[in-house]
Amino acid sequence: MQYDLVCRPASTAVRFALDAGESITCEVGAMIAMSSGITVETTSKSRGGGGGIMKGIKRMFTGENFFLNHFTSQQSQQTLLIGPTLLGDCIHHPLRSGSMVVQGSSWLASSSSIDIDATWRGFTSAIFSGESMFWVKCSGTGDLFLSSYGAIYPIQVDGEYTVDTGHIVAFEDTLQFKIGKAGKSLIGSFLGGEGLVCKFQGQGKLYCQSHNPPSLGKLLGPKLKPR
Amino acid sequence: MVSTLNFEITQRPDFSMLKVALEAGQQVFAEPSAMASMSPNLTLKAGLKGGALKSLGRMFGGESMIVNTFTAEKGPGEVVFAPGHIGDTQHYRLTGGSLMLQRGAYMANSAGIEVTGKWQGAKGFFSGEGLVLLKASGTGDLFFNSYGAILEINVSDDYIVDTGYIVAFEDTLQYRVRTLPGLRGGGFKRLFFSGEGLVCQFSGQGRVWVQTRYVSPFLSWVNPFRPTKNN
């Protein structure tokens, strides 16, 4: 599969050149444009954890979009152009073995050979922070495309590393983590503007984003009319 | 009147600005509030261009009825235009043909171009966000803008674009609004689950310009952060 990251870093889109039979799984709504020799199929099963349509609907109303669009090329030399919602960058991560845990809204697309599990609940405690964050676990071998709000910067963790939960894009599951507070006391860390942080431990790759999507939401939301 | 403008587009694709250097007596037309700065030699006149009916058409096309006219009355000068949001600006030279613009994409034009609204009938109505188009025709320079970067696509056969991501296209192309091909489960499933709005299928020969971001999904993203109503 050939790909090209265009218009980096703030308006990044991913352009794929697909040959007959090649297939890519994308976040719902990500398609910008495509050749007409590509077909689309919507499923809820792999991300919905086998829950089927009813579970999918339920999740849709809780604000989490658990549907997947599978784009399959029927002819050679087809192009597909996809992009995320927020202004920011996209990156490619080759998944060779093992798993990558991706923040839900940062997952943009992956090869069809990658298994996407949205039932992963390792971060349940993050719900405490009041954000409707969810996490997907991607396993297998193939290409993974991640998006961010702002720029993406990689960190090779060896030992310990602390990241604000809103700045996490993805991390390898060889890393252990603990949700905690940034400062010594809970009140102190909230007053300091740092809500919950994730303390990583071990060896593995971590992707962070320069800007925090929930912070943007909290900045804009109160200025809008109540819903 | 000289319909060729001396211009420069800088800071692409995210913070694009259009600088136009006008010769004495030359004019440029732009959407209201697009002007960022200008020389004192220029006079700005707001008004209905092309009469009330044409303006009404533009209003249906999602553009303001008012088009500002900048004239270099007191000698040469320059004017800088910028879109209201972060995004790209694209130049297109019209030579007697027509260019279709998505609502809101119009930014500025030189003399010699007429911009009119075009009611798309049911074709536009069903696309939700509205494939409400403006039609620019004549001979001269045209500038349009986007949210996100603009990518040019050369269509030589069939091509599909999500209606919300269309910025402009040449009218040598035929188009029809349709659902995505190959989606099983019919209209309901497509509309509610695939998340891809209606698409526009282009055929023929011509160019399409698409934007890499779209405001509506961003607004949907912000929506959960709005406060809830307390009665």
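Reply: B:Tyr106 counts as buried because it has 26 C-beta neighbours inside 10 Å. This is a predicted model, so local features need pLDDT of at least 70 and side-chain atom pairs count only at pLDDT 80 or more, while totals for chains, interfaces and linings use all residues. Residues are numbered from 1 along each chain as its sequence is written, and chains are lettered from A and ligands numbered from 1 in the order in which they are written.

B:Tyr106 belongs to strand β9 (residues 106-110) of chain B. Helices (H or I, at least four residues) and strands (E, at least two) are DSSP runs, numbered from the N terminus. Chain B has 17 strands and four helices, and 42% of its 231 residues count as buried.

Now the sheets, where two strands pair if DSSP finds at least two bridges between them. In chain B, four strands make an open, antiparallel sheet in the order β1-β2-β7-β4. β1 (6-10) and β4 (35-38) of chain B stand at its edges with a single partner strand each, so one side of each has no neighbour in the sheet. On average, neighbouring strands here are turned by 20° against each other, direction ignored; the axes are lines fitted to C-alpha atoms, for helices over the stretch in contact, and angles run from 0 to 180 degrees between N-to-C directions. β1(B) and β2 (residues 17-22) of chain B run antiparallel and are joined by five bridges, and B:Ile9 faces B:Leu18 in β2(B).

The other sheet draws on both chains: seven strands, antiparallel and open, in the order β1(A)-β2(A)-β7(A)-β4(A)-β13(B)-β16(B)-β15(B). Its edges are β1 (2-6) of chain A and β15 (173-178) of chain B, each with a single partner strand, so one side of each is left without a neighbour in the sheet. Within it, β2 (residues 13-18) and β7 (residues 78-82) of chain A pair antiparallel over five bridges, with A:Arg15 opposite A:Leu81 in β7(A).

Terms used:
A residue is buried if 20 or more other C-beta atoms lie within 10 Å of its own, exposed if 12 or fewer, and partly exposed in between; C-beta atoms are placed from the backbone.
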